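Please read the following explanation with the sequence and the model side by side.

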Amino acid sequence: MMEERLPGWKELPEGAVVRDAGNTETIDVSGWRVFKPVIIDEKCTRCRLCWIYCPDGAIIEVIDEKAKMGKRYEVDYMHCKGCGICYAECPVNAIEWVPEER
Ligand code: SF4
Ligand code: SF4
């Protein structure tokens, strides 16, 4: 049986370095999640607390004339790490905490 060769230290990508401004935008961190937030639009009062508290900017404000108060909130699942802060902070329980399915 052939042993799998592990990369040497010189072949590993450099850690803790932001090489280009804004490059984290292209990195998909969805694999980190065990649970994910799901916003229940009917319950949402548009208070924006989830948007303010999310440490990853993964709550998106969508301007939509047809929505209540002309906007709604969505989760950017490519950048949401599943920390649960939005779920904990929503004052009206408009965010459900759902097991991630893969
Ligand atoms: S679970 Fe964490 S990372 Fe994901 S949207 Fe909520 S606050 Fe942001
Ligand atoms: S914290 Fe809850 S009520 Fe406030 S905007 Fe977010 S989902 Fe809506």
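Which cavity is the space taken by ligand 2? The space that ligand 2 takes is the second largest cavity, where a molecule sits in a cavity or pocket if more than half of its atoms lie within 2 Å of its grid points. This is a predicted model, in which local features need pLDDT of at least 70 and side-chain atom pairs count only at pLDDT 80 or more, while totals for chains, interfaces and linings use all residues. Residues are numbered from 1 along each chain as its sequence is written, chains are lettered from A and ligands numbered from 1 in the order in which they are written, and side-chain values use heavy atoms, with hydrogens and water left out.

Rolling a probe the size of a water molecule over the atoms shows where empty space is left. On a 1 Å grid over the protein atoms alone, a cavity is a set of points where a 1.4 Å probe fits but cannot get out, whereas a pocket is an open set with protein on both sides within 12 Å along at least five of seven lines, and lining residues have an atom within 4 Å of a point. Grid points are joined across faces, edges and corners, and a volume is the space filled by probe spheres set on the points. By this rule there are 2 cavities of 30 Å³ or more.

The second largest cavity holds about 80 Å³ of space, and its lining includes I39, L49, C44, C47, C50 and C90. Around ligand 2 itself stand C44, T45, R46, C47, R48, C50, Y73, C90, P91, V92, A94 and I95, where a residue is near a molecule or strand if one of its heavy atoms lies within 4 Å of it. This shell has 9 nonpolar, 1 polar and 2 charged residues, with Ala, Val, Leu, Ile, Met, Phe, Trp, Tyr, Cys and Pro counted as nonpolar, Asp, Glu, Lys and Arg as charged, and the others, Gly among them, as polar.

Ligand 1 sits in the largest cavity, which contains about 100 Å³ of space. Of the 15 residues that line this cavity, C54, A58, C80, C83 and C86 lie nearest its centre, while of the 14 residues around ligand 1 the nearest are C54, C80, C83, G84 and C86. The shell around ligand 1 divides into 10 nonpolar, 2 polar and 2 charged residues, and the lining of the largest cavity into 11 nonpolar, 2 polar and 2 charged.

Turning to open space, the largest pocket has a volume of about 160 Å³ and is lined by T24, E25, I27, V29, W32, P55, D56, H79 and K81. Its lining comprises 4 nonpolar, 2 polar and 3 charged residues. W32, one of these lining residues, lies in the segment before strand 1, where helices (H or I, at least four residues) and strands (E, at least two) are DSSP runs, numbered from the N terminus. W32 counts as exposed because its relative accessibility is 58%, given that buried means under 20% relative accessible area, exposed over 50% and partly exposed in between (1.4 Å probe, protein chains only).

The structure holds 8 salt bridges, each a side-chain nitrogen of Lys or Arg within 4 Å of a carboxyl oxygen of Asp or Glu. R46, one of the residues around ligand 2, meets D41 in a salt bridge with an N to O distance of 3.0 Å; R46 is buried at 6% relative accessibility, whereas D41 is partly exposed at 29%. R48 forms a salt bridge with E61, their closest N and O atoms being 3.0 Å apart. Because R48 lies in the loop between strand 1 (35-39) and helix 1 (49-53) and E61 in strand 2 (residues 59-63), this pair ties together parts that are 13 residues apart in sequence. E61 also forms a salt bridge with K71, with 3.7 Å between the closest N and O atoms, and this pair links E61 in strand 2 to K71 in strand 3 (residues 71-75), 10 residues apart.

What of the backbone? Most residues other than glycine have a negative phi. R48, however, has a positive phi of about 80° although it is not a glycine, and R48 is partly exposed at 31% relative accessibility. M69, in the loop between strand 2 and strand 3, has a phi near 60°, again a positive value in a residue other than glycine, and M69 counts as exposed at 60% relative accessibility.
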